[in-house]
2 protein chains.
Amino acid sequence: MNTNILEPPVSTSPGSPAPVPHVARLSARARLLAAAEELFYKEGVRSVGIERVIERAGVAKASLYGNFKGKDDLVRAYLAERRETRQARIEAKLAHLTAPRDKILAIFDLLAEIFAEPNYRGCAFMRASAEMQPGSSGREVCEDARQWTRALFVELARQCGAAQPEALGHQLHLLYDGAAVSAQMDGGTASALAARAVAVQTLAAACP
Amino acid sequence: MNTNILEPPVSTSPGSPAPVPHVARLSARARLLAAAEELFYKEGVRSVGIERVIERAGVAKASLYGNFKGKDDLVRAYLAERRETRQARIEAKLAHLTAPRDKILAIFDLLAEIFAEPNYRGCAFMRASAEMQPGSSGREVCEDARQWTRALFVELARQCGAAQPEALGHQLHLLYDGAAVSAQMDGGTASALAARAVAVQTLAAACP
DNA sequence: GTTCAACCAGACAGACCGGTCTGGTTAGGA
DNA sequence: TCCTAACCAGACCGGTCTGTCTGGTTGAAC
C-alpha cells in the first residue's frame with residue numbers, strides 16, 4: 001500500500017524483463033529500492049552487486065550514490081522497507097479481530113498465505129542476517145524486526161491471560177521462526193499449518 | 001572424539017594465536033579442514049577467503065588445491081564433516097535410551113548443551129545455506145543434514161505410536177529449527193528449554 | 001647418495017566489486 | 001532564454017578474490 005502521493009504506485013510485476021518503462025517513471029530512488037527489493041531478496045544481498053541493481057533499475061551509478069551512502073545503506077533501506085511492509089501486513093490482518101487468541105492464530109494463517117506466494121524464498125531478515133557482518137546497520141534492522149515480533153507475541157500472550165506471558169510469547173515466536181525455516185528449506189505451506197496446530201495446543205495449556 | 005589412529009588428535013583450543021605447532025603436525029588436509037571449520041563457522045563461508053584459511057592452517061596455497069578442487073569443495077568438506085559430527089553426537093546422546101519419548105526430549109536437552117557452548121553461533125547449515133547459491137554442492141550437504149534430522153524425528157514419532165508420525169515429526173522438527181534460530185539471534189539456552197516444553201505438550205497430545 | 005612425494009613461500013594473472021569522477025542530456029521554473 | 005537540479009552513460013581506480021605457477025625445502029624409502 002503506497003500512501004505517498006508524491007510518487008506513483010510501484011507496479012511489482014515480478015517477471016517484467018525490461019528495466020522499467022520511461023513513461024510515468026518513478027524517481028531514481030524509488031526504482032533503486034524496487035530493484036534492490038527484487039534482486040536482494042531473490043539472490044541475496046551479497047551475491048548481487050551494485051552493477052546489477054542499477055542495471056535493473058535503469059539508473060546511473062551516480063544516482064545511487066546521490067540517494068544512498070553506499071551499498072550498505074541501500075541494503076539497510078531495503079530491509080527497513082521490508083520490515084515496515086511486513087509489520088503493516090500483520091497489523092492489517094489483526095485489525096478486525098478482538099480476541100487475542102484469534103489474533104495469535106491469525107498470524108500463523110498469515111504465514112500460510114505468505115508461504116504460498118510464488119516468489120517466497122524464506123524470511124528476508126534471517127537470510128540477510130546470515131550474509132551480513134554483526135553490528136552492521138542492516139543487521140540492526142533485522143534485530144529490530146525480530147524484537148517487534150517477539151513483543152507482539154508477548155503482548156498477545158499477556159492479553160490471553162497467560163500465567164507467564166514472556167514464556168508463552170517466546171514459545172509462539174519459536175513456532176513462528178521454525179515455520180519460516182521449514183518453509184524456506186522444504187517449501188509449501190505445510191509448516192505454517194503445523195506451527196498453527198502446535199500453537200493451538202500451547203495456548204490451551206498456557207491459558208486456562 | 002577422534003577415532004582415527006592415523007592422525008594425532010586435533011587440539012581445538014579456540015584462542016591459540018600461532019597457526020599450529022610444527023611438532024607432531026597433522027597432514028595439510030587435516031589442518032585445512034580444522035582451519036576451515038574454525039573460520040567458516042565463526043565468520044561465514046563467504047566472508048572468509050582462501051588466504052585466511054591457508055594462513056590459519058599454516059599451509060601453502062598449492063597444498064589446498066592439491067587436496068581440494070577449490071574453495072567450493074573445501075566448503076563442502078567442512079559442512080560434510082560438521083554433519084557427521086552432529087549426527088554422531090545425537091546418536092551418542094540417544095544410544096543409552098530406550099523409550100522413544102525420552103529420545104525425543106533428549107534431543108532438545110542436547111540442544112541446550114550445544115547452545116551453552118561458548119563458541120556457538122547458530123546452526124552452521126542454516127547460516128551456510130543462506131550464503132551459498134541454490135544447487136551448489138555445499139547446499140546439498142545442508143539439505144541432506146536436514147533430511148536426516150527430519151527422518152529421525154518422524155521415526156521416533158512412529159515409535160511413540162503417533163497416529164500421524166509424519167505430522168508429529170514435522171512439528172518436532174519445527175521446534176528444533178525454531179530453537180536454533182532463537183539461539184542464534186537471541187543467544188542463551190532458553191530457547192532449547194522453551195522448545196522442550198512445547199515438545200512435551202505436543203507429544204502428550206499426539207501420543208495417547 | 002639418490003629419488004620422489006609432500007610440502008612451504010610467494011609471485012602472478014584474471015576477474016569482480018565498490019566507489020569516484022567526468023561529461024552529456026532533459027525538464028521545468030525564473 | 002538562461003539556469004539549475006536531477007538524471008544517464010560509462011570510464012576509471014584501488015582493492016580483493018580465486019586459482020595457477022615457479023622454485024625451494026624436508027624427510028623417508030630405496
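Before you click anything, here is a rule you'll need: a residue counts as buried if 20 or more other C-beta atoms lie within 10 Å of its own C-beta. Keep in mind, too, that you're looking at a predicted model.

**Stop 1: one residue.** Select B:F153, which sits in helix α7 of chain B. Is B:F153 buried or exposed? There are 25 C-beta neighbours inside 10 Å, so B:F153 counts as buried. Now show what's around it: leaving out residues up to four places away in sequence, B:F153 touches B:G169, B:L172 and B:H173. For a sense of distance, draw a line from the C-alpha of B:F153 to that of B:E37; the two residues are 116 residues apart along the chain, and the line covers 27 Å.

**Stop 2: a helix.** Next, select residues 71-95 of chain B, which is helix α4.

**Stop 3: where the chains meet.** Show chains A and B together. The contact takes 27 residues from each of chain B and chain A. On the chain B side, α6, α8 (165-186) and α9 (190-206) each supply at least two residues. Which of them gives the most? That's α8(B), with 12 residues. Sorted by class, the side of chain B that touches chain A has 14 nonpolar, eight polar and five charged residues.

**Stop 4: the axis.** Rotating by 180 degrees, with 0.0 Å of shift along the axis, superposes chain B on chain A (RMSD 0.0 Å). That is how a two-fold axis relates things. To find the axis from chain B, select B:G178, whose C-alpha comes closest to it, at 1.9 Å.

**Stop 5: the DNA.** Finally, select DNA strand C, which has 17 residues around it; the closest are A:G49, A:I50, A:G70, A:K71 and B:A60. Elements giving two or more residues to this surface are α2 (50-57) and α3 (61-67) of chain A, along with α3 of chain B. The biggest giver is α3(B), with four residues. Colour the surface by class and you'll get seven nonpolar, six polar and four charged residues.

Technical notes. Residues are numbered from 1 along each chain as its sequence is written. Chains are lettered from A and ligands numbered from 1 in the order in which they are written. This is a predicted model: local features need pLDDT of at least 70, side-chain atom pairs count only at pLDDT 80 or more; totals for chains, interfaces and linings use all residues. The expected span of a helix is 1.5 Å times one less than its number of residues. Copies are superposed by least squares on the C-alpha atoms of residues with pLDDT of at least 70 in both. A residue is near a molecule or strand if its C-beta atom, placed from the backbone, lies within 6 Å of it. Ala, Val, Leu, Ile, Met, Phe, Trp, Tyr, Cys and Pro count as nonpolar, Asp, Glu, Lys and Arg as charged, and the others, Gly among them, as polar. Two residues are in contact if their C-beta atoms, placed from the backbone, lie within 7 Å. A residue is buried if 20 or more other C-beta atoms lie within 10 Å of its own, exposed if 12 or fewer, and partly exposed in between; C-beta atoms are placed from the backbone.
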